[in-house]
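Have your viewer open and follow along.

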Amino acid sequence: MSGIFRSGSKVAPVFGGTIEDPRGQQFLVDCLDVLETCVSEEGLYRMSGSKEDMTNAHRDINKGKSVDLTAMAAKSAHTVAGLLKLYFRELKPEPLMTFNLYECLIAGNSPVR
């Protein structure tokens, strides 16, 4: 894991996409891999990171540019956590447990007969 997210496409933005977008999924994996090394950071998801760094990373990722999340976390893990929260806030209005999975989720929650 290099800690460098590469969206690899300029077709559609990663932020503002759906949870089913593979580039968004890769962004989640990359963020969580980096943040896993920062779990002892006080207030990791509570405290704010650098707004300027998040704005720049948001813009670069949506333009298809690479973003070094490891270097960003070394400067401030709160910024990577903030970027992850921003990704979730900007998802298209669709449940995290997508409509396509609804029947499977209901079936899996049904009592065994």
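Of the 113 residues in this protein, 39% count as buried. Keep in mind that this is a predicted model. The accessible surface comes to about 7,200 Å², and 57% of that is supplied by carbon and sulfur atoms.

As for the fold, you'll find five helices and two strands, and reading along the sequence gives β-α-α-β-α-α-α.

In soluble globular proteins, nonpolar side chains tend to be buried together. Here the largest nonpolar core has 25 residues, and the ones with the most contacts inside it are Phe-15, Phe-27, Ile-61, Leu-83 and Tyr-87. Helix H1 (22-36), helix H2 (51-62), helix H3 (69-75) and H4 are the elements that give two or more residues to this core. Of these, H4 gives the most, with seven residues.

Leaving out residues up to four places away in sequence, Phe-15 touches Phe-27, His-58, Ile-61, Asn-62, Leu-83, Leu-86, Tyr-87 and Glu-90.

**Leu-84 and Met-97**

Now for two residues with opposite surroundings. Leu-84 sits in helix H4, while Met-97 is in the loop between helix H4 (77-89) and helix H5 (102-109).

| Residue | Relative accessible area | Class |
|---|---|---|
| Leu-84 | 4% | buried |
| Met-97 | 54% | exposed |

Why does Leu-84 count as buried? Its relative accessible area is 4%, and the cut-off for buried is under 20%. Met-97, at 54% relative accessibility, counts as exposed because the threshold there is over 50%.

What does Leu-84 touch, not counting residues up to four places away in sequence? The list is Phe-27, Leu-28, Cys-31, Leu-32, Leu-35 and Tyr-45.

Met-97, for its part, belongs to a nonpolar patch on the surface.

Technical notes. Residues numbered from 1 in each chain as written. Predicted model: local features only at pLDDT ≥ 70, side-chain atom pairs only at ≥ 80, totals over all residues. Heavy atoms only, no water. Patch = residues over 30% accessible without salt bridge, like charges linked within 9 Å, V, L, I, M, F, W, Y side chains within 5 Å. Areas by Shrake-Rupley, 256 points an atom, 1.4 Å probe, with all protein chains shown as cover. Salt bridge = Lys/Arg side-chain N within 4 Å of Asp/Glu carboxyl O. Helix = DSSP H or I, 4+ residues; strand = E, 2+ residues; numbered from the N terminus. Buried < 20%, exposed > 50% of the residue type's maximum accessible area, 1.4 Å probe, protein only. Contact = heavy atoms within 4.5 Å. Core = buried A, V, L, I, M, F, W, Y, C linked by side-chain atoms within 4.5 Å.
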